Amino acid sequence: MKRRIALLLSISMLAGILTACSASKNPTESGAPVQEEAAEEKDEAEKEEEEEAFGERVTLKLGSTSPVGTFHEVIATTFADTLQEISGGVMNVEVNMGGVLGNTLSHYSQLEQGDLDFFMAALDTSSGLKEGGDMAVVLVPFLFDDEEHYNKFLGSDILMNMVGKIENENGLKFLGSLSRQLPRGLSTTDTPVYSVADVKNLKIRTPEATAMTTIWTAWGANPTIISGGELYSALQPELADGQDNDVINTSTSAYYEIQKYYMELNYIYQNLFLWASAKNYEALTKEQQGWVEEAISQTYAKLDEQLNTMYEEEKQRMTENGVEFIDTDLDSFRKATEDAAVEFEGSLYTAGLYEQIKALAK
């Protein structure tokens, strides 16, 4: 009997020792849930502190029809990164390039419905909207004498009146320039253009804009409407002989792989602007709206410093890849434009608007 009791005591003690050893050899098994819980509580507490300091996190959607990999994408991502930094990570922007959200009018429609927060585009893209017809005037070649003239227009009551009508009729909010761009030129595959006579019968890609198709037709070319996202592939089988874009976007789009001549026509000035959904923008707090506006201002400043350097770098890249820059007779283009522009008065845009903008240069 004593032996049995002693045996039972020994077994009990051995079991206790094994249990203790097991616990000491696997401390994470018993401690892990506690540690994980503590970490989760800490993360949650930090998130709550951030939200108390800056507000609830917001993700906004930005669309663009410009191709992926171009300077336009740099502009969009710079804005997104800057807004995230200014807001302390509270405001984030999802960038959608290459027209993945649809064409130009589809982007504007999504803004009006509140399905999209921002659309990055040039001014003329709004000419197809209600009360937007006057914006077509910015595509009349040689409307602006130089960049100083163009900037006077951007700060004028003329533009603000045009913008105000568009905002009111289309549920939009105009937020201003994200970045300036260099004036537009022309690149071609096989034909150097020394004067306006040399564009005769060339298939020139243009965006979907009446002013541009009309002018290129008046110059003797055959304008072909092709979206930016499809342009590279369209140039390869020669669906188009040439395209109009500035040096930076021509180079960053790698059109030099196909096109071998570039003419710095400098015939249209166009910044890239940011439009917002009015209903979505009004739903933001005043502080959040302030962050957005500050991000736009900082984006413009950051890129403005880089632009001239980029021009020299991209021009050199094009030259190294076999592109020849042609000295073109711009006066021949100006003369051919004057007659065609007369037809736009009172039909494409309000009569007298062209002269009002021209007068800003004085």
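1. Helix H12 is the largest contributor to the lining of the second largest pocket, giving 4 residues; helices here are DSSP runs of H or I with at least four residues, strands are runs of E with at least two, and both are numbered from the N terminus. The model is predicted, so to speak of local features pLDDT of at least 70 is needed, side-chain atom pairs count only at pLDDT 80 or more, and totals for chains, interfaces and linings use all residues. Residues are numbered from 1 along each chain as its sequence is written, and side-chain values use heavy atoms, with hydrogens and water left out.

2. The second largest pocket holds about 180 Å³ of space, and its lining includes Phe142, Phe144, Arg334 and Tyr354. A pocket is an open set of points on a 1 Å grid over the protein atoms alone, where a 1.4 Å probe fits, with protein on both sides within 12 Å along at least five of seven lines, and lining residues have an atom within 4 Å of a point. Helix H12 (330-342) and helix H13 (353-359) each supply at least two lining residues.

3. The largest pocket has about 1100 Å³ of space, the volume being that filled by probe spheres set on grid points joined across faces, edges and corners. It is lined by 48 residues, of which Thr65, Thr104, Thr125, Pro207 and Glu208 are the closest to its centre. Two or more lining residues come from each of helix H4 (104-113), S3 and helix H7 (210-218).

4. The whole structure contains 16 aromatic pairs, meaning rings of Phe, Tyr and Trp (its six-membered ring) with centres within 6.5 Å, called stacked with planes under 30 degrees apart, edge-to-face over 60 and tilted for the rest. One of them joins phenylalanine 79 and phenylalanine 118 edge-to-face, at 5.6 Å centre to centre and 85° between the planes. Because phenylalanine 79 belongs to helix H3 (residues 71-86) and phenylalanine 118 to strand S3 (residues 118-121), this pair ties together parts 39 residues apart in sequence. Ring pairs also link Tyr108, Phe119, Phe174, Phe273 and Trp275 into a cluster.

5. Arginine 184 is found in the loop between strand S4 (172-179) and strand S5 (185-188). Leaving aside residues up to four places away in sequence, arginine 184 touches, among others, Asp244, Asp246 and Tyr262, contact meaning heavy atoms within 4.5 Å.
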